[in-house]
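I opened this notebook page to record what I looked up in the structure.

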Amino acid sequence: MIGTIFLLPKETHPMNLTDLIQEKTIRAPLESTDRQGAISELVDLLSDTGCISNCEVIKQAVWERELQRTTGIGEGLAIPHGRCDQLDKMVMAMGRPTTPIDFSSPDKRPVELIILLVSPTNNTSDHIQALGKISRLMVNRTFREAAYATENANDLCALFQDALEVAKT
């Protein structure tokens with residue numbers, strides 16, 4: 001045997017975070033005052049806007065993941081996420097609580113922005129890419145503080161869309 005060539009599947013559609021960020025799936029302000037309520041409110045928003053149809057299954061998947069280890073990552077940000085075999089595509093919702101919510105973050109800082117991400121169980125690559133892109137955006141202190149200062153869905157959506165557009169260039 002002279003050699004073996006392994007061909008990796010060509011990525012036909014790179015994950016594009018801008019496709020997931022929609023004003024209709026952003027709630028600012030969130031009404032909930034605790035992390036389970038906030039997660040539930042964001043999943044309900046995805047259901048109300050027609051992005052998902054299996055609301056209770058997704059709530060359970062995300063909450064089970066939350067109980068394994070908090071998704072409050074620090075600096076006022078939480079990224080609750082989960083995977084569900086009843087989804088055919090990744091979905092995302094964002095929320096700005098009226099008052100910061102305790103997510104048991106390592107830095108003990110309450111959360112000012114919640115970004116919920118749910119993916120099909122067979123789409124690990126896009127799920128990880130989306131988490132990474134969100135994290136890279138939010139590590140920028142100026143961007144993070146601007147996100148926490150937004151007062152409505154339109155402003156938060158525009159902030160993310162603009163930042164992602166700049167990141168492409």
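Entry 1. I began with Arg141, which forms a salt bridge with Glu145, the closest N and O atoms being 2.9 Å apart. I note that the model is predicted. Both Arg141 and Glu145 belong to helix α5 (residues 141-149), where they are four residues apart, about one turn of the helix. I then looked up their accessibility. Arg141 has a relative accessibility of 57% and counts as exposed, because the cut-off for exposed is over 50%. Glu145, at 42%, counts as partly exposed.

Entry 2. I asked how many salt bridges a search of the whole structure finds. The search finds eight. As a general point, side chains of opposite charge can pair when their charged atoms come close.

Entry 3. I turned to a second pair within a helix. The side chains of Lys59 and Glu56 meet in a salt bridge, at 3.4 Å from N to O. Helix α3 (residues 55-68) holds both Lys59 and Glu56, three residues apart, about one turn of the helix. Is Lys59 buried or exposed? At 16% relative accessibility, Lys59 counts as buried, since buried means under 20%. Glu56, by contrast, counts as exposed, with a relative accessibility of 55%.

Entry 4. I next examined Glu41 and Arg27, whose side chains meet in a salt bridge (3.3 Å, N to O). Glu41 lies in helix α2 (residues 35-48) and Arg27 in strand β1 (residues 26-30), so this pair ties together parts that are 14 residues apart in sequence. I recorded Glu41 as buried, with a relative accessible area of 9%. Arg27 is partly exposed, at 27% relative accessibility.

Entry 5. I also asked which residues are linked in a network of salt bridges. The network links Glu75, Arg109, Glu112 and Arg144.

Entry 6. I closed with helix α4 (residues 124-138) and checked its span. At 1.5 Å a residue, its 15 residues should span 21 Å, because the expected span is 1.5 Å times one less than the number of residues. I then listed the buried residues of α4: Asp126, His127, Ala130, Leu131, Gly132, Ile134, Leu137 and Met138.

Technical notes:
Residues numbered from 1 in each chain as written. Predicted model: local features only at pLDDT ≥ 70, side-chain atom pairs only at ≥ 80, totals over all residues. Heavy atoms only, no water. Helix = DSSP H or I, 4+ residues; strand = E, 2+ residues; numbered from the N terminus. Buried < 20%, exposed > 50% of the residue type's maximum accessible area, 1.4 Å probe, protein only. Salt bridge = Lys/Arg side-chain N within 4 Å of Asp/Glu carboxyl O.
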